[in-house]
Amino acid sequence: MNRRKLEENFFKFLMALSLGLVFLALAGIILIVLIKGLSSLSWSMIFETPKGGYYLGGEGGIANAIVGSLYLVAGATVLALIISLPVALALQKEYLGKRFADITRLVLDILWGTPSIVYGAFGFVVMVWLGLRASLLGGIIVLTLLMIPIMTRAMDEAVRLVPYELKEMAYAMGTTRFETTLAVVLRQAFPGVCTGVILAVGRGIGDAASILFTAGYTDEIPRSLFDPVASLPLAVFFQSGTPVPEVQARAFTAALILLVIVLVINIVARLLGWRFSKNIVR
Amino acid sequence: MSRIEINELCVSFGRNPVLKNISLSIPDRQIICIIGPSGCGKTTLLKSLNRLLDLNEDVSITGDVRVDGQSIYQSRLDVTALRKKVGFLPQRPYPLPMSIYDNVAFGPRIHGLDGLNALSGGKAGSPAAGAKTSRKDKDRLVEHYLTLAGLWDEVKDRLSEPAAKLSIGQQQRLALARVLSIEPEVILADEATSALDPISARLVENQFRLLKKDYTIILVTHILRQARRLGDYIVFLYMGDLVEHKPAAEFFGDPSDEKTKAYVNGDIS
Amino acid sequence: MKRRFKDIVAFASGRLFLIFVNALALLIFCGLLLKAAPILQTVSLTDLLFSSVWHPMKHQFGLFPFIVSTLAVTLLAMLMAIPVCLFASIYLAEYASRRFREVSRLIIDILAGIPSVIYGLCGILVIVPFVAVVGEYLGVSTTGYSLLAGGLVLAVMVIPFIIAISVEVLRMIPGPFRESALALGATKWETVKYVVLKKAAKGLVAAVVLGFARAFGETMAVLMVVGNVAQAPSSIFDPAYPLPALIANNYGEVMSIPLYDAALMSAALILMTVVALFSLTAHYALSRLGDHND
Ligand SMILES: Nc1ncnc2c1ncn2[C@@H]1O[C@H](COP(=O)(O)OP(=O)(O)OP(=O)(O)O)[C@@H](O)[C@H]1O
Ligand SMILES: [Mg+2]
């Protein structure tokens, strides 16, 4: 009896320890970014583009990266949504045989796991082939590819959770598959679809490896799709690599801004999911 | 022998009250049948007797259950010892993810039972804990309990197969063997024959009749005729209320409550 | 008639996008293959994979140091991550109250969503100096930018990712399976050990495999702390140079050196192939999670 209790307590201790480590890591990361990032946070960091000598500690800010990231992700989100939503809906069993659906889900899982550096390399190959330089358009295309599997998988989950009885009710009234999809499935799966989009946005905005050679980096805010564009993750990366301490500190500021954006996205996702789940039939 | 006293027990899931102020003293070495319409709280009452209810997250329990005079809801209680004393047979059998053999050997192993009492036929004295059991003894133990549950002949040649491969009815009898293997004093059985064909159901019923000289058996059943056949004492629940409880002969011969009369006559179900 | 037409148009366009997604995987694979193929004209496959000589200017492209680095840093990370993940997710799924579980899940989701450059940045600030100090204490000369630093950062990164999946997996096991052990008087830990872990084994392996795949292809966080010296590391305090870092650091300048881009593409191809195999394994393990016939 004693031995059994002892074993239980021993493993409980290990569990508490592990979980404690995980929470410590999060607290550590957030504290570091907050403390180091706040020290050089200022309005000019957010609203100004780098001035002459910025990378030697001079005046200016990272508005180019903030705006660039928003442009990149906005464009990619729209494109990815246009592709992902139809795919998730077309995976319903009314539209697709089980074999093809299974294969597609497998392919999506593989794409989902594919490292972003591979997307970056592939995107670069395509851009060279098309004669494009590193540009906003290139970055958007690569981010779109990266976001498609994330969005589609989440949406597919949501669509699959719609009870078949619910659809049957619609079919029983003589609706077509398309009308049922619009009237019942999309409505019911809406929170899941939102979550999918936001998940993908969160991944997209933080990814550096995929846009490293496809979006480029510049101190200007891009004026057309064919201009190169700066981005927050790369701002963190490049500034952390410079030898100037002031600039290194600004890497943390960029990280802070990026972290805040990602956290806000996370929270909005949860609130949306909670808000929209009210009209759902369970 | 264990005596179970239930005192002003109230159970609710979230805001939904499921058992309302149940007080009941359960006679020992008898078959007690809990009857009542579906959803009236039979399973809940049963699970409240060995603290399986605690596993639900939004459950709240007030009142008291005493086993052998000891309150089972006090925080310092050794729940595993309680559950060893008060065995439970679930409504749907979920086999442990191991072989048929190990399903039966699992309980004795974790409790360090050697099963000698069972094998020597008596139930006297507490089992010697921690004694090393040889493989041969273990084999005899497994055979003994499987025979007791009426399953031995069907599975004796496939003891090392995963238990999940058995049919539902066989799994139910395996669950019975599993409960018996921990040598409980009380057996809680939740519709233990619901998945069985009439013949195997009778087998299990007969088993219960034999067992009641050593065990207190609390049996939930949907089937009125089964309660008539088996029950020494009947407890009737209706929508979370304890409506009536008395010895079987009295209960069926002379029900005092209107609801009981209606239920016994098959007017409500 | 118009309704039917709409339905058919919707059907057709859905099919089109579906085909596009499937083709995308094939396209990426073939694209990389096509671009990587020229390297085999000058370098043999065994040289490419097992030679340690990396002199792009002299057309010598041995990927061995990079492959070893990738494997080493990933294995090191998994070695540290797996026990933590296992225990933390068992606690969350089996022991924690619902409230605590929910809050923890939120925290873990947030951790899993933090961009990798931020992990790298914190790694430079905390882990690299930490490794340097440990190295000094042990009498090893190291800058801190090392295999160990990469492994640590990577472990911290994949832990929330693996925990999130593992908790899902554990919660998918129906409660009554636990009851059948608990009802026999098993302790909670015994129930976990004999029932839950056995039922969840496949799913947990899948979670670890997915974590491995994620770590294997992770670029930025590792690149920032691992040192990037093109040499197979001989101790965990040595710098290393994993494949993703190789690609990320050099892709800008490839055009000037012939075959350099083909070498980097073959690195990308290796990454994609390995990760695809892992994803495939996890996919099948997870898709059979529903049936409990074992
Ligand atoms: N885990 C739970 N969470 C919420 N409500 C529950 C839970 N378990 C049972 N209930 C509710 O408690 C009530 C009683 O359930 P219980 O399972 O005890 O009924 P029962 O008498 O055993 O029914 P049956 O004969 O169908 O098995 C039901 O209304 C049920 O919906
Ligand atoms: Mg019941």
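## The interface of chain C and chain B

Chain C and chain B bury about 2100 Å² between them. Carbon and sulfur atoms carry 65% of that area. Buried area is the accessible area (1.4 Å probe) that two parts lose on being put together, summed over both. The contact (heavy atoms within 4.5 Å) takes 23 residues from chain C and 24 residues from chain B.

This is a predicted model: local features need pLDDT of at least 70, side-chain atom pairs count only at pLDDT 80 or more, and totals for chains, interfaces and linings use all residues. Residues are numbered from 1 along each chain as its sequence is written, chains are lettered from A and ligands numbered from 1 in the order in which they are written, and side-chain values use heavy atoms, with hydrogens and water left out.

## A salt bridge across the contact

One salt bridge is counted between chain C and chain B. The side chains of C:Glu179 and B:Lys47 form it, at 3.1 Å, N to O. The term means a side-chain nitrogen of Lys or Arg within 4 Å of a carboxyl oxygen of Asp or Glu.

On chain C, α5 (98-113), α8 (175-182) and α9 (188-217) each supply at least two residues of the side that touches chain B. Helices here are DSSP runs (H or I, at least four residues), and strands are E runs of at least two, numbered from the N terminus. The largest share, six residues, comes from α8(C).

B:Thr43 sits in helix α1 (residues 42-48) of chain B, and B:Gln91 in the loop between β6 (86-89) and α3 (100-111), 48 residues apart.
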